[in-house]
Amino acid sequence: MHRTGDLYGHFQTLEQQKETATLGMWIFLVTEVLFFGGLFLTYTINRSAFSTAFGIGSNTLDITLGAGNTVVLIMSSLTMAMAVWSAQVGKKKLVSIFLIATLGLGTVFLGVKAVEYKQKFDHHLIPGHGFDMKYHPAHPMARDDLKELALEKKEVDEAFAVDPDINFHGQLYFSLYFGMTGLHALHMIVGVGLLIWLITGSFAGRFTPQYNTPVEIVGLYWHFVDIVWIYLFPLLYLIDRHR
Amino acid sequence: MSNTPLTPDLELPDEHYLNATYGSGIRSWLLTTDHKRIALLYLASVTVFFFIGGVLATMIRIHLLTPGGALVTPETYNKLFTMHGVAMIFFFLIPSIPAVFGNFLIPLMIGAKDLAFPKINLLSWYIYLIGGGFVLYSFSTGGLDTGWTFYTPLSSVYSNSAVTPAVIGIFINGFSSILTGLNFIVTIHTMRAPGMTWFRLPLFAWAHYATSLVMILGTPVVAITLLLAGLERMFHLGFFNPALGGDPILFQHLFWFYSHPAVYIMILPAMGVVSEIIPTFARKPIFGYSFIAGSSIAIAVIGFLVWAHHMFVTGESTYAALTFSFLSYLVAIPSAVKVFNWTSTLYKGSISWDPPMVYALGFIGLFVIGGLTGLFLACLGLDIHIHDTYFVVAHFHYIMVGGAVMGYVGGLHFWWPKITGRLYPKSLSQFAAIILFVGFNLTFFPQFILGYLGMPRRYHTYPPEFQVLNVLSTAGASILALGYLLPMSYLIWSMRYGKVAGPNPWPATGLEWKTDSPPLTENFHVTPEVTWEPYDFQNRPDLGLAAGARPLAPAHGDD
């Protein structure tokens, strides 16, 4: 496949090439919607079947970290949009700056996510043989709010009295929590890789008002990954939050 | 044939995609981004899986020669039909026509130099290989006994066979299908030559557009579903395991949400092939072009709304069952539209019995039987009687083998001169088509009767009164095998010794016939401009047909 400047040989014009790449990314995102869709459906059905266990699960999540991360991600969408705009109007320096800002915010998000996963690990809330919803209320950690924990203990005990299988259903919640946020985080990691690729291109001055398709389609991808989180945050953290 | 004017012997073009000099030897194939070479890579690899699936099918049929089972243990029998299904569906039928002919032809048919994303096209082949590798690993280290449907919790908890690598393999392979579909849709949208409007597209391209819609919308769902089932097996999670609070019916819904439309991934491209062959050998514009095009899209859309007819007896509400039954009947309408339009095209046509035409006519006959028996199965009351019997097995083999594979082999005969630049022996290939048709019917028609009499599918044994029909079926299978081995041998023979075909041997009206056979790497010497309507033989002096004259010099001359 030969290539003249930015134009690949099987296209007639740069416009055609850009239209093709953009449409390709949109269709890829359609497949992503369906890919995540299977998980969202599984979540919805189990949420309605086991609302008590899912409610308790929601309450164990750290809403401050979750909300903070949401803000971080929305900010990163803004900087990404600014990077695309800068490329379109030919402000080469700004492209690099905004791409690096996006990369930074994305990395912060992933770091916070790692902290949250670590907490769940400490609290024995990783699905598997060690999973126990009673563990954390009975084993407070250094910085835990004891009053809060007493409430959680009461709630878990009540739930166990009604439904002895609550640990299974709680595991379902956390399987889905790790499945959905994990898949999302995987997409973030791919996005970070793409950003690094863009930043090297940007340092080389590749993006001009005539040719900036890579920035634009990575932008589409990045916004999509953000939107997934915009749905995940209320579904996992907010529904049934009662403390 | 002495009444045809003598034509000078044709010669292959000096330079074409097969001998093009970029890189050397094997590298120029493994790193190619030429859609035509990638199509041939796919052709080779789907043939390997067809062989594996075929050998397994042969073992099944030999085993069923006697009521007690003639060949293998019950456990092995479970593995035979499972691996037959997995190899044939995921690694032969789904990629067959799209990845081989779609890849080869769509850019040629729309006048483009390549698909929109040539590197992604190559990537999809490698993904197919990696997925196939995992599945072969599963086959050879314990096999697979869950049925191709992977129903949970059998697949996720109880099966002792190598489910995990198989699930990983099919998950990976799904992305090959997604990327192929994505490539086709974008290509058809943005890469058409000047003058190639939507309603001048060949019906093959319309069929592939519809197929690609199913690929991009359905495949991600089965991917995530199998991923969840795999995670459930690996980490003892409970999404679909009732013992842990999960819902096995949910798995079935998600699985069939893809796997029913997947049937249309197999049959729609075959319908596209037939829509190309019929007008060519009836020498007539296709009847109802826009209806055939629209019916492809309709089948793809309605096909997404019928999945739960696989679950009439596994637990869903009566109203849901009624709705899905009604919607399943609805699919018959666009399917019938196609059959009627093909038949109307034949009416008063100037029909020649070239080998592709024999396959296409065989397709219509078998598809009609397969389609009509589908209506039996969509009927709620009747389905309870024939559910999970050989009636179902016969029905879907009529669609998938009688339909999809017949279309595939027909397409192979139709475009072989374009792919290789050479023709194959005519009488032998007509004979092979008839063998295929007879063998197929003998194999699968008895299974309709067996199913109606109550023989359940997937059993390694059966009562003695069913033996006659089973022996007939096995006998048919051996004829069928000949029907596949014959084309395989003479097509390979023709690559070296076949008569040179020339650019348009039939002649056909599509853009792909306006370039060399085999074509250049860039497909056309100059970007073509389309000024004619599709399947129009009258206003095409370039086809070498005198107006109204018939019959034409047969492509094969005297043989």
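Chain A of this predicted model has eight helices and two strands, where helices (H or I, at least four residues) and strands (E, at least two) are DSSP runs numbered from the N terminus. Along the sequence, the elements of chain A follow the order β-β-α-α-α-α-α-α-α-α. Chain B, by comparison, holds 15 helices and zero strands.

Residues are numbered from 1 along each chain as its sequence is written, and chains are lettered from A and ligands numbered from 1 in the order in which they are written. In this predicted model, local features need pLDDT of at least 70 and side-chain atom pairs count only at pLDDT 80 or more, while totals for chains, interfaces and linings use all residues.

A residue counts as buried if 20 or more other C-beta atoms lie within 10 Å of its own, as exposed if 12 or fewer do, and as partly exposed in between, with C-beta atoms placed from the backbone. Two residues are in contact if their C-beta atoms, placed in that way, lie within 7 Å.

| Chain | C-alpha box along the principal axes | Buried residues | Contacts at separation of at least 6 that join residues at least 24 apart |
|---|---|---|---|
| Chain B | roughly 75 × 50 × 45 Å | 56% of 559 residues | 84% |

Chain B has a radius of gyration of 23 Å, close to the 24 Å that the globule rule gives for 559 residues, so chain B is as compact as a globular protein of that length. The radius is taken over C-alpha atoms, and the globule rule is 2.2 Å times the number of residues to the power 0.38.

Within chain B, B:Phe204 is located in helix 7 (residues 203-235). B:Phe204 counts as buried because it has 27 C-beta neighbours inside 10 Å. Leaving aside residues up to four places away in sequence, B:Phe204 touches B:Leu105, B:Met109, B:Gly272, B:Val273, B:Ser275 and B:Glu276. B:His189 lies 15 residues from B:Phe204 in sequence and 15 Å from it in space, C-alpha to C-alpha.

Between the chains, 28 residues of chain A are in contact with 32 residues of chain B. On the chain A side, helix 1 (14-49) and helix 7 (166-203) each supply at least two of the residues that touch chain B. Helix 1 of chain A gives the most, with 16 residues. This side of chain A comprises 13 nonpolar, 13 polar and two charged residues; Ala, Val, Leu, Ile, Met, Phe, Trp, Tyr, Cys and Pro count as nonpolar, Asp, Glu, Lys and Arg as charged, and the others, Gly among them, as polar.
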